[in-house]
Amino acid sequence: MIECATGRHDRHDVYAAQCPCRAMLDLLANKWSALAIGALEDGPRRFGELQRRLQGVSPKVLTQTLRRLEEAALLTRTVYPAVPLHVEYALTELGHSAAVPLGLLRAWVEERIDGTENRPPVSA
């Protein structure tokens, strides 16, 4: 548990049902959020670039994901007045700080996936 720096709460404890940390944890633990943050680590990208990089994501889900990340101050959306309209997404300082542990998680998965295949499914 960590004391709340803003004073809005006594402390932060992700295990507590009413902790505001849970919303951020939910956002960052989402597959498409983690992948979008990773895709933006090297610099700003346009929507189409992100969609091509994140193979399998639908335009609707990518739009929803980018909006949630923007609302959480993890990325910025910049609209350039051009024809056609030019929009770029970029990580904020907070987004770059989230990219560090998410990058470690992605690397861990890629390095160890072969050790997890052909195992019985985990029951819920």
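Select Glu-111 first. At 59% relative accessibility, Glu-111 counts as exposed; the classes are buried for under 20% relative accessible area, exposed for over 50%, and partly exposed in between, with a 1.4 Å probe and protein chains only. A salt bridge here is a side-chain nitrogen of Lys or Arg within 4 Å of a carboxyl oxygen of Asp or Glu. Arg-112 is partly exposed, at 40% relative accessible area.

Before going on, note what kind of model this is. It is a predicted model, in which local features need pLDDT of at least 70 and side-chain atom pairs count only at pLDDT 80 or more, while totals for chains, interfaces and linings use all residues. Residues are numbered from 1 along each chain as its sequence is written, and side-chain values use heavy atoms, with hydrogens and water left out.

**The other salt bridges**

How many salt bridges does the structure hold? There are three. Select Arg-106 and Glu-41 for another of them: their closest N and O atoms are 2.7 Å apart. This pair links distant parts of the chain, since Arg-106 is in helix H5 and Glu-41 is in the loop between helix H2 (31-39) and strand S3 (45-46), 65 residues apart. Helices (H or I, at least four residues) and strands (E, at least two) are DSSP runs, numbered from the N terminus. Glu-41 is partly exposed, with a relative accessible area of 34%.

Next, select Arg-68 and Asp-26, which form a salt bridge with the closest N and O atoms 3.4 Å apart. Arg-68 belongs to helix H4 (residues 59-71) and Asp-26 to helix H1 (residues 21-29), so the bridge ties together parts 42 residues apart in sequence. Arg-68 is partly exposed at 33% relative accessible area, and Asp-26 is partly exposed at 49%.

**A patch on the surface**

Select Leu-105, Trp-108, Val-109 and Ile-113. These residues make a nonpolar surface patch of about 370 Å². Patches are made of residues with over 30% relative accessible area and no salt bridge; like charges are joined within 9 Å, and nonpolar side chains (Val, Leu, Ile, Met, Phe, Trp, Tyr) within 5 Å. Val-109 lies in helix H5 (residues 93-112) and is partly exposed, with a relative accessible area of 37%.

Now select residues 31-39, which are helix H2. Is H2 largely enclosed or open? Seven of its nine residues are buried, so H2 is largely enclosed by the rest of the structure. The buried ones are Trp-32, Ser-33, Ala-34, Ala-36, Ile-37, Gly-38 and Ala-39. To see what covers them, show H1, S3, helix H3 (47-53), H4, S5 and H5, which are included in the cover.

Then select Ile-37, Leu-50, Leu-54, Leu-69 and Tyr-89. Of the 21 residues in the largest nonpolar core, these touch the most other members. A nonpolar core is a set of buried Ala, Val, Leu, Ile, Met, Phe, Trp, Tyr and Cys residues joined through side-chain atoms within 4.5 Å. The largest share of this core, five residues, comes from H2.

Keep Leu-69 selected. Beyond its neighbours within four places in sequence, Leu-69 is in contact (heavy atoms within 4.5 Å) with Leu-27, Ser-33, Ala-36, Ile-37, Leu-74 and Leu-75.

**The sheet**

Switch to a cartoon view and find the open sheet of three strands, in the order S3-S5-S4, with antiparallel pairing. Two strands pair if DSSP finds at least two bridges between them. S3 and strand S4 (75-80) are the edge strands, each pairing on one side only. S4 and S5 are joined by six bridges, and a hairpin connects them through five residues. Select Thr-76 to find Ala-90 of S5 opposite, then Val-79 to find Val-87 of S5 opposite.

**The whole chain**

Finally, select everything. The protein chain has five helices and five strands, in the pattern β-β-α-α-β-α-α-β-β-α along the sequence. Of its 124 residues, 26% count as buried.

Technical notes
Accessible areas come from the Shrake-Rupley method with a 1.4 Å probe; for residues, only the protein chains shown count as cover.
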